[in-house]
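Dear colleague,

Please find below the structure that I am handing over to you.

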Amino acid sequence: MSLSLFLACAWGIIANIMAMLPARDNHWRRAYILIATGIPIVLLVGWQLGGWMALIVLLAMSSILRWPLRYLLRWITARFRR
């Protein structure tokens, strides 16, 4: 297993553990940390293993961070509707 896939799997395990712990801010602070660490991991996977594998990892990460993605898409669509 390559280092990038190991990091992606570790990111997923850590994300699930972070989601199980209680939080007062509905996990938003943790989501920002996961986004900041997830982007370089996706880029590393794409560099080492190619675009298709990076797309698979990106889809797996986006399934974990679905609420921040929904709010981002709402914000983008609101910007274009104005």
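Setting aside residues up to four places away in sequence, Arg-30 touches Met-18, Leu-21, Pro-22 and Ala-23, where contact means heavy atoms within 4.5 Å. Arg-30 belongs to helix α2. With a relative accessible area of 22%, Arg-30 is partly exposed; buried means under 20% relative accessible area, exposed over 50%, and partly exposed in between, using a 1.4 Å probe and protein chains only. Between the C-alpha atoms of Arg-30 and Trp-52, which are 22 residues apart along the chain, the separation is 27 Å.

The model is predicted, so local features need pLDDT of at least 70 and side-chain atom pairs count only at pLDDT 80 or more, while totals for chains, interfaces and linings use all residues. Residues are numbered from 1 along each chain as its sequence is written, and side-chain values use heavy atoms, with hydrogens and water left out.

Overall arrangement

The secondary structure comes to four helices and zero strands, in the order α-α-α-α along the sequence. Helices (H or I, at least four residues) and strands (E, at least two) are DSSP runs, numbered from the N terminus. Taken along the principal axes, the C-alpha atoms fill a box of roughly 45 × 35 × 15 Å. The chain has 82 residues, of which 21% count as buried. Among contacts with a separation of 6 or more, 60% come from residues 24 or more positions apart.

Helix packing

Two packed helices are described by the angle between their axes and the distance between the axes. Axes here are lines fitted to C-alpha atoms, for helices over the stretch in contact, and angles run from 0 to 180 degrees between N-to-C directions. Angles under 35 degrees count as roughly parallel, over 145 as roughly antiparallel, 65 to 115 as roughly perpendicular and the rest as oblique.

The axes of α1 and α2 cross at roughly 160 degrees and come within 9 Å; α1 and α2 are therefore roughly antiparallel to each other. Their contact is made on the α1 side by Leu-3, Ser-4, Leu-5, Leu-7, Ala-8, Trp-11, Ala-15 and Met-18, and on the α2 side by Arg-30, Leu-34, Thr-37, Gly-38, Ile-41, Leu-44, Val-45, Gln-48 and Leu-49. By class, the contact of α1 with α2 has 12 nonpolar, four polar and one charged residues. In this classification Ala, Val, Leu, Ile, Met, Phe, Trp, Tyr, Cys and Pro count as nonpolar, Asp, Glu, Lys and Arg as charged, and the others, Gly among them, as polar.

For α2 and α3, the packing angle is about 155 degrees and the axes are 7 Å apart, and this pair is therefore roughly antiparallel. Here Gly-38, Ile-41, Val-42, Val-45, Gly-46 and Leu-49 in α2 meet Gly-51, Met-53, Ala-54, Val-57, Leu-58 and Met-61 in α3. That contact has nine nonpolar, three polar and no charged residues.

Helix α1 (residues 3-20) and helix α3 (residues 51-64) pack at an angle of about 10 degrees, with their axes 11 Å apart; α1 and α3 are therefore roughly parallel to each other. Leu-5, Ala-8, Trp-11, Gly-12 and Ala-15 of α1 form this contact with Met-53, Val-57, Met-61 and Ile-64 of α3. Its classes are eight nonpolar, one polar and no charged residues.

The nonpolar core

The largest nonpolar core has 13 residues, and those with the most contacts inside it are Trp-11, Leu-34, Ile-41, Val-57 and Met-61. Such a core is a set of buried Ala, Val, Leu, Ile, Met, Phe, Trp, Tyr and Cys residues joined through side-chain atoms within 4.5 Å. Two or more residues of this core come from each of α1, α2 (28-49) and α3, and α2 gives the most, with five residues. Leu-34 touches Trp-11, Ala-15, Met-18 and Leu-65, not counting residues up to four places away in sequence.

Individual residues

Ser-4, in helix α1, is buried, with a relative accessible area of 0%. Apart from its neighbours within four places in sequence, Ser-4 is in contact with Ile-41, Leu-44, Val-45, Gln-48 and Leu-49.

In the loop between α1 and α2 lies Asn-26, which has a positive phi of about 55 degrees although it is not a glycine. Asn-26 counts as exposed at 60% relative accessibility. His-27 is found in the loop between α1 and α2 and has a positive phi of about 70 degrees, although it is not a glycine. With a relative accessible area of 28%, His-27 is partly exposed.

Yours sincerely
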